[in-house]
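This report covers one protein chain, from selected residues to the overall fold. The sequence and structure come before the details.

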Amino acid sequence: MPKEYIIAPSVLSANYLDLKSDLTAIARAGAKWIHFDVMDGDFVPNLTFGPKILSDITSYSDLFIDCHLMVKIKNSSVEEYLLPFIKAKANSITLHYEALTAQQLTEFLSLKNKYPIKIGLAIKPGTPSAEILKFLPNLDVILVMTVEPGFGGQSFMADSAYKIKELRDYLDAHHLSTLIEVDGGINEQTAKICKDYGVDVLVAGSYLFGHSDLQTRLQGLLK
């Protein structure tokens with residue numbers, strides 16, 4: 001059977017004056033996930049939204065909510081920081097490996113035993129896949145960034161995508177079910193590269209939102 005891929009439209013590129021229509025459109029087009037980017041203006045230069053908007057989305061949509069937090073956690077525990085997102089009904093929370101201390105990483109990984117959420121780690125283009133292999137048995141998702149985090153609409157970095165193959169080889173060799181997700185510059189051409197390397201989840205934002213052929217584009221990513 002052909003492999004089934006997951007498309008996670010990034011609402012970072014949605015029209016916030018008409019968000020309901022965009023959420024309805026991506027669901028009708030066949031999306032099962034929403035990718036929700038949180039930026040803090042510290043770990044990355046830009047600042048986006050928080051748990052209030054997430055709660056508004058989950059009150060309207062029943063799509064799987066894939067939260068990607070590009071943040072540094074200060075002056076609170078990891079659990080305290082993430083609890084508002086959990087209460088807002090995030091299904092999956094991914095933090096950046098580069099933004100966490102060793103103690104924070106240990107605390108974060110322990111949360112999957114306490115709350116009904118999936119746990120993920122993201123790695124920036126400059127972080128080798130070898131650095132996070134030992135954490136894979138404890139992860140539901142590993143997110144490979146193929147652009148520098150913090151901005152939408154960037155160009156795909158092909159060298160970073162090769163980490164997908166390295167991770168796929170490791171996961172298969174160790175019989176692990178961790179999902180490999182990719183985020184950054186995804187379109188029909190770059191998605192093909194990632195799928196050939198063994199990706200499971202494709203995040204796409206500017207390629208999908210704001211286009212009259214959204215359904216055709218989304219379905220093209222699934223093929």
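## Histidine 68

Histidine 68 has a relative accessibility of 0% and counts as buried (under 20% relative accessible area; exposed is over 50%, partly exposed in between; 1.4 Å probe, protein chains only). Its place is in strand β3, residues 64–70. Helices (H or I, at least four residues) and strands (E, at least two) are DSSP runs, numbered from the N terminus.

The side chain of histidine 68 makes polar contacts with the side chain of aspartate 37 at 3.0 Å and with that of histidine 96 at 3.0 Å. A polar contact is a pair of N or O atoms within 3.5 Å; within protein, one must be able to donate a hydrogen and the other to accept it, and residues adjacent in sequence count only if both atoms are side-chain atoms. Leaving out residues up to four places away in sequence, histidine 68 touches His35, Phe36, Asp37, Val38, Thr94, His96, Ala122, Leu143, Met145 and Asp183, where contact means heavy atoms within 4.5 Å.

## Basis of the values

This is a predicted model: local features need pLDDT of at least 70, side-chain atom pairs count only at pLDDT 80 or more, and totals for chains, interfaces and linings use all residues. Residues are numbered from 1 along each chain as its sequence is written, and side-chain values use heavy atoms, with hydrogens and water left out.

## Overall fold

The protein has 7 helices and 8 strands. Its radius of gyration is 16 Å, close to the 17 Å that the globule rule gives for 223 residues, so the protein is as compact as a globular protein of that length. The radius is taken over C-alpha atoms, and the rule is 2.2 Å times the number of residues to the power 0.38. Along the principal axes, the C-alpha trace spans about 45 × 40 × 30 Å.

Of the 223 residues, 52% count as buried. Among contacts with a separation of 6 or more, 69% come from residues 24 or more positions apart. The mean positions of the 21 positive and 26 negative charges are 3 Å apart. Lys and Arg count as positive and Asp and Glu as negative, while His and the chain ends are not counted; each charge is placed at NZ of Lys, CZ of Arg, CG of Asp or CD of Glu.

Leucine 179 lies in strand β7, residues 179–183, and is partly exposed at 25% relative accessible area. Leucine 179 and isoleucine 6 are 173 residues apart in sequence and 10.0 Å apart in space, C-alpha to C-alpha. Beyond four places in sequence, leucine 179 touches Ile6, Trp33, Asp140, Val141, Ile142, Asp200 and Val201.

Threonine 190 belongs to helix α6, residues 188–197, and is buried, with a relative accessible area of 9%. A polar atom of its side chain lies 2.8 Å from the backbone nitrogen of asparagine 187. Not counting residues up to four places away in sequence, threonine 190 touches Phe156 and Gly185.

## Loop residues

Lysine 89 lies in the loop between α3 (78–87) and β4 (92–96). Its phi is near 75°, a positive value in a residue other than glycine, and lysine 89 is exposed at 56% relative accessible area.

Histidine 175, in the loop between α5 (158–173) and β7, also has a positive phi, near 55°. With 71% relative accessibility, histidine 175 counts as exposed.
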